[in-house]
Amino acid sequence: GVDVGTDYVPELDRQLRSLIEEGHRLVKVRFCGEPTYLVLQYNDVSALIGDEARVPAGPEFERNYAVQGRTLLRMTGEEHRINRALVSRAFGPGAVRASVEEALVPIGNRLIDKLQDGRRVDLIAGYIKPYAFAVISHMLGIPPEDEEQVKVWVYGMFAGLGPGLPEEKAERQRQAIAHRDQLDAYMRPIVEDRRKSPRSDLVSRLVTAETEGQKLSDEEVLTFIRILYPAGADTTYHSMGSMMNQVLGDPELRKRLIEDKSRHKATVEESLRKFPAVAFVQRYLKTDQTICDVEIAAGSTLLYSTIAANGDPKVVKDPAFSVDRESCKL
């Protein structure tokens, strides 16, 4: 049968919406080679995705994302509280916004200049993907001349994250660990330098953050850096690429957005609803659970379908892309 993790499924959102219209809350599918339970409806996905007490994220990240180290997503209780507080202090929206916004236009101009005067360009490869990556690199204080090498290590590490077919997974993880170690070797001197001489970048804010007399260790700083690229750059380029494809593929919408900048925010919101960067959020059950009135045994996996939930007929009457919609997204 079809594997929703590895196979192309045409009009996936329409097929998932049809399942909801038929009354399904939970269906069994294959995901990256293993059977799993797919949660479809908005209310169920919304309730489960934030219920750490009932279905914590940690077991899934221990199982498939160990290459990244002990990230916040693997922590619980007091350990999670302290580490989240420390990272939150370093990642305050005011400081981050100020450091990022001053770089957005220069980074964009630098990438546009590289496109030169070609009449046809690959917008994803030539602009959107490197743009998202460069913004994260800027936040970390990585010089532009080192970005390409850092990108090799980061995307090499990406290859070992997440679920996968068993015969491929071990080799992918071996290579990912090698790339992670290279990234760490590059970042360690930067972390050490920022401890001695803090600057305005995110690494400086991470190493100087303090909560209840505790600070982040070098390993904890490196672990946060390892998740920042997939959590920030990768999701951003997926969302931005889908949005630009939608806008550039619709001449009337493109014209309207050029003439009416007040709809730009709504366009971003609708893109996040229609094209969520993460279509399936996986969880691993360490205990027996009743999910959507179905008894599911420990050792099973769940998928929360954000793409299905954001098109649920009970909350979205017409799922077609619309910049006039009130916000509705997970």
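Is Arg70 buried, exposed or partly exposed? Arg70 counts as partly exposed, because its relative accessibility is 38%; buried means under 20% relative accessible area, exposed over 50%, and partly exposed in between, with a 1.4 Å probe and protein chains only.

Before I go on, a note on the model. This is a predicted model, in which local features need pLDDT of at least 70 and side-chain atom pairs count only at pLDDT 80 or more, while totals for chains, interfaces and linings use all residues. Residues are numbered from 1 along each chain as its sequence is written, and side-chain values use heavy atoms, with hydrogens and water left out.

Now the salt bridges. A salt bridge here is a side-chain nitrogen of Lys or Arg within 4 Å of a carboxyl oxygen of Asp or Glu. The whole structure has 24 of them. Arg70 pairs with Glu79, with the closest N and O atoms 2.9 Å apart. Glu79 is partly exposed too, at 32%.

Next, Glu147 and Arg110 form a salt bridge at 3.5 Å, N to O. Glu147 lies in helix α7 and Arg110 in helix α5, so this pair ties together parts 37 residues apart in sequence. Helices are DSSP runs (H or I, at least four residues), numbered from the N terminus. Glu147 is buried, at 8%, whereas Arg110 is partly exposed, at 25%.

Glu259 is exposed, at 58%, and Lys255 is partly exposed, at 48%. Elsewhere, salt bridges that share partners join Asp184, Arg188, Glu219 and Arg226 into one network.

On to the inside. In soluble globular proteins, nonpolar side chains tend to be buried together. A nonpolar core is a set of buried Ala, Val, Leu, Ile, Met, Phe, Trp, Tyr and Cys residues joined through side-chain atoms within 4.5 Å. The largest one has 47 residues, and those touching the most other members are Leu140, Val150, Met187, Leu202, Val203 and Tyr229. Helices α4, α5, α6, α7, α8, α9 and α10 each supply at least two residues of this core.

What is Val203 in contact with, leaving aside its neighbours within four places in sequence? Its partners are Met139, Leu140, Met187, Ile190, Val191, Arg194 and Ile225, where contact means heavy atoms within 4.5 Å.
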